Amino acid sequence: MNAPITRPVPRPGILDIAPYVPGKSKATGGAKLYKLSSNETPLGASPQAIAAFHAAAATLELYPDGGATLLREAIGKATGLAPERIVCGCGSDELLHLIAQAYLGPGDEGLYSQYGFLVYPIAIRAVGATPVVAPEKDFRTDVDALIAAVTPRTKVIFLANPNNPTGTYISFDEVKRLHAALPAHVVLVLDAAYAEYVRRNDYESGIELVSSSENVVMTRTFSKIYGLANLRIGWIYAPDHVIDVLNRIRGPFNMTGPAIAAGAAAIADREFTRAAVDHNEIWLPKLAAGLEAIGLKVLPSVGNFVLALFPDRQGKRAPDADAFLLSRGVVVRRMEAYGLANALRITVGSAEANETVIAALTDFLA
Ligand SMILES: *Cc1c(COP(=O)(O)O)cnc(C)c1O
C-alpha cells in the first residue's frame, strides 16, 4: 500500500538535481579581496553601458519592450546577424533552459560532454529528461564519443566551445563533423560564452552552421567579456522555427529595460571590448606560465580562466590550496561538482590579482 501523499511532490527528475553552487564571493583573510571564482572580467563594464543603465532608471515604472528590440538590433549591428533570428534572455542560462523545455521531456536524452558546463544537467533534469554524458580525452570534447552516445532518444546536445571549466576548445571542423553525424531532429546547442576571447584560426563560434542548417543554435552572453553578469543578459541565434518556439514559451517580459539599454551600449563599445581582449591576451599566458613554473599542471585555455591540476600530495591538494588562497584574500572555484576534486579554476583577473594568486600558490607549494 502506498503511503498517503501529505504534501506537494515535484515532477520526477527535479529532486535528482544537485543544486548549482555559484563561486564564493568572500575570503577569510587578506587585506584585499580578489574574486577569481566566476570568470567575471576585472575591467568592469563599458562606461557607456553604465551610463545607459543609469539613464534607464528614469522609467522604472514602465514595462520593458518585451521584444528587447534595441538590444537585438545592437547585436545585429555588431555581428551582422539578422535581429529577427535572435532572442534575448535573462542570462544565457535562461535560453539553455528554454531549449530544454521546448525540445526535451520524459523519455528523451540530453547529451553533453564529461566536463561540460553544469547548467546542462540541471536544464535536462528540470524537464524530466535523462542526462547522458560522453567521456572526454585529455579534458577536451571528444566528438567521436559524443557521436557514439547519440541514441534514438537523443533530442538535444549541449556543447560549450570553448568549454567551462576546462578552457579547452574544438575546431570548427570538429563541430561540423559532429553536426554532420546527427539526425535532423537533434538540436545542437553551441554555447559560445567565451567566443570573444578566442584567438585561434581554426575556431568559430558557430554562426555559419546556424545559418546553414535547421537544427543548430548558438548562445552568447554579456556576463563575461562585456562585464554585465549582474544584469543577466544572454542571447541566442537560431533558425526561424526555433525562434518562433522560444518566443512562444519565454516570459513576455524576460528582459529588464536597464539590461536592454546597458547591453545595447556595451556591444556597441568596441574599444572597451578590444581592451578586454588585449588584457586577456597578456594575462592568460602569464597566469598559466606562472602556475606551471611552480609545478602545477595547467590545461591549455582559450577563455578568460585556467584550470589548474594539483599534485596528489598530502597537504598540497586543491582543497588545501583553496583554503590557503582564501586566507590570502583570493577566491577561486573548487571543482568537486565536476568530478575534479584536485583542480581549481582560476579566472584571469587584474594584474595585481594575477600576481597575488601566483605568489600565494608559490608560498603554498614551497
Ligand atoms: C558563464 C557561462 C555562461 C553564461 O551564463 P549567463 O547566464 O549568461 O551569465 C554560459 N555558458 C557557459 C559555459 C559559461 O561559462
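# A tour from the ligand outwards

Begin by selecting helix 3 (residues 91-103), which supplies the largest share of the shell around the ligand, 3 residues; helices here are DSSP runs of H or I with at least four residues, strands are runs of E with at least two, and both are numbered from the N terminus. Before going further, note that this is a predicted model, in which local features need pLDDT of at least 70 and side-chain atom pairs count only at pLDDT 80 or more, while totals for chains, interfaces and linings use all residues. Residues are numbered from 1 along each chain as its sequence is written, and side-chain values use heavy atoms, with hydrogens and water left out.

## Around the ligand

Next, select the residues that surround the ligand, namely Gly91, Ser92, Asp93, Phe117, Asn164, Asp191, Ala193, Tyr194, Thr221, Ser223, Lys224 and Arg232, where a residue counts as near if one of its heavy atoms lies within 4 Å of the molecule. Sorted by class, this shell has 3 nonpolar, 5 polar and 4 charged residues; Ala, Val, Leu, Ile, Met, Phe, Trp, Tyr, Cys and Pro count as nonpolar, Asp, Glu, Lys and Arg as charged, and the others, Gly among them, as polar.

Now show the polar contacts, which are pairs of N or O atoms within 3.5 Å; within protein, one must be able to donate a hydrogen and the other to accept it, and residues adjacent in sequence count only if both atoms are side-chain atoms. At Ser92, a backbone N or O atom lies 2.7 Å from an oxygen atom of the ligand. At Thr221, an N or O atom of the side chain is 2.6 Å from a ligand oxygen, and at Ser223 a side-chain N or O atom is likewise 2.6 Å from an oxygen atom of the ligand. The ligand has 390 Å² of accessible area on its own, and the protein covers 94% of that area, as computed by the Shrake-Rupley method with a 1.4 Å probe.

## Two cis peptide bonds

Move to the loop between strand 5 and helix 6 (172-180), where Pro162 is found. The peptide bond leading from Asn161 to Pro162 is cis, with omega near 0°. Pro165 has its place in the loop between strand 5 and helix 6 as well, and the bond from Asn164 to Pro165 is cis, with omega near 20°. Asn164 is also one of the residues surrounding the ligand.

## Buried positions

Select Thr154 in strand 5 (residues 154-160). Is Thr154 buried or exposed? Thr154 counts as buried because its relative accessible area is 0%, and buried means under 20%, exposed over 50% and partly exposed in between, with a 1.4 Å probe and protein chains only. The side chain of Thr154 reaches the backbone nitrogen of Thr151 at 2.8 Å.

Asn39, in the loop between strand 1 and helix 1 (47-56), is buried too, at 0% relative accessibility, and has a positive phi of about 55° although it is not a glycine. For another positive phi, select Phe139, where the value is near 60°, in the loop between strand 4 (130-134) and helix 5 (143-149).

## Exposed positions

Finish with Leu15, in the segment before strand 1 (34-35), which is exposed at 72% relative accessibility.
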